[in-house]
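Open the model in your viewer and keep the selection tool at hand.

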There are 2 protein chains.
Amino acid sequence: MKDDILYHFALGTSTHDFPALFGDVKFVCVGGSASRMKAFITYIAEELGLGSVGADYPNICAGTDRYAMYKVGPVLSVSHGMGIPSIAIMLHELIKLLYHSKCSNVTIIRIGTSGGIGLEPGSVVITSQSVDATFKPQFEQVILGKTVIRSTNLDDQLAKELMQCSKEIHQFNTVIGNTMCTLDFYEGQARLDGAICLYTEEEKMQYLKAAYDAGVRNIEMESSVFAAICNLSGVRAAVVCVTLLNRLEGDQISSSHDVLVEYQQRPLKLVGHFIKKCLGKV
Amino acid sequence: MKDDILYHFALGTSTHDFPALFGDVKFVCVGGSASRMKAFITYIAEELGLGSVGADYPNICAGTDRYAMYKVGPVLSVSHGMGIPSIAIMLHELIKLLYHSKCSNVTIIRIGTSGGIGLEPGSVVITSQSVDATFKPQFEQVILGKTVIRSTNLDDQLAKELMQCSKEIHQFNTVIGNTMCTLDFYEGQARLDGAICLYTEEEKMQYLKAAYDAGVRNIEMESSVFAAICNLSGVRAAVVCVTLLNRLEGDQISSSHDVLVEYQQRPLKLVGHFIKKCLGKV
């Protein structure tokens, strides 16, 4: 293509100099919420000694409200909204952005929120395998009306390195476990508090316990396609999510705002430490 | 439940007086982009003579950046992000909001953007049936790991009323047709310009032409679950999307920013006229 328009980033190869803007990127952190990804870039800038106090980081995708993107030094921080389709659009355009920018040796980490199974709320889960709603480590992609099965493998070594980082900072409980990725937050995750619910509490508990027995420690909505696309693109990838509640105890996210804000900082701290370590700044 | 926390709206029945805040809502308009939904509330306020010049409408969901919500008189305007999972979370919480607010006779209309098939860009499609990637009028919902098939019927009479509104304002081409709802923007819609593409241009064209032959006039990413949830909740619903390009001619959305902005106002105008007419203000 002569010109490639990354429509949902409001960036294009004929209007932006990708190698100049992004050529030095080595770490991409992605997460659902735009404000969390802005908080991350501010945090990592301070941690790496690259920011000035009170600095404001402009949104590189200011031309659209689909996603937000921030950069400091070798770190890119991008929001992806909620759910597989939303993160998939972002990842297609991100992989093209990295390609056009001639980036190499890039690590992509999703830092998110999730529901835990059998874990104290606030625990962090580093994903070993992303599994579907039947606990299989696969992602079903529909192409030209036909279903194609893709692997959801993540980088084992990277997961271990992240686990080691958690031990070093020693501030919260972290486990390596399977992450179930669903297409829905209410019925898809066996919640009883959606607008529609056609199963019993007993059936819900049975399902969640079966998930636990299959090694699932948390449930979120993006990891499978994230793993599949990073796999196919040959990019090293990891998923680090904090659990906001223990689904064996309930469905509603009812912790106080301040507690939830502190929980959400945990994946940022863990991944921040990892990046500092990679750059020899720890 | 004693207290219902609508987590992704940052609203709860113990912290907000739902009947006082939302009890008079009769029309809910939903769309992907938060800024477009803010533009809609400003537009409809002026059209209904309920707004003052330069008025700013506060975001009712300011406590979160997951969705944005605005209200003026009987009209609620809510963003839903991109893709089935994202709009499904919003709809579960919206239906609960309307229930807790004791609203009655509510009409919900999705005003969105889409890729057209065989239509002049800028054409508006009122959905007669939302179909999946195999052109079937159904939505597959995974519950407790099992697939449940749901109907994606929309209100025929409402579609006809909206078509009549388009004739009355007579500013752009509008058709009633099937809308294909996919889980992906690139491979799921047979685009050739994603980061990953394992099919040929010939296969792409074959697929899009088969869609056209099945009555599909546009492709988007939310209508199936929107129809399914509104159906199950007994709410009258319609989908009105503008086409940003003709997919038989290409994949990239390359029209100028100004042209795209004007296109995106078309569903707002059409639905604005419909609401005015319902309220006896035309």
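Select A:D132 and show its side chain: it makes a polar contact with the side chain of A:T134 at 2.8 Å (a pair of N or O atoms within 3.5 Å; within protein, one must be able to donate a hydrogen and the other to accept it, and residues adjacent in sequence count only if both atoms are side-chain atoms). A:D132 sits in the loop between β7 (124-131) and β8 of chain A; helices (H or I, at least four residues) and strands (E, at least two) are DSSP runs, numbered from the N terminus.

This is a predicted model, where local features need pLDDT of at least 70, side-chain atom pairs need 80 or more, and totals for chains, interfaces and linings use all residues. Residues are numbered from 1 along each chain as its sequence is written, chains are lettered from A in the order written, and side-chain values use heavy atoms, without hydrogens or water.

Now move to the two chains. Select A:E187 and B:R150: they form a salt bridge, with the closest N and O atoms 2.6 Å apart (a side-chain nitrogen of Lys or Arg within 4 Å of a carboxyl oxygen of Asp or Glu). Two salt bridges are counted between chain A and chain B.

Finally, colour the whole contact, which takes 60 residues from chain A and 60 residues from chain B.

Note on methods. Contact means heavy atoms within 4.5 Å.
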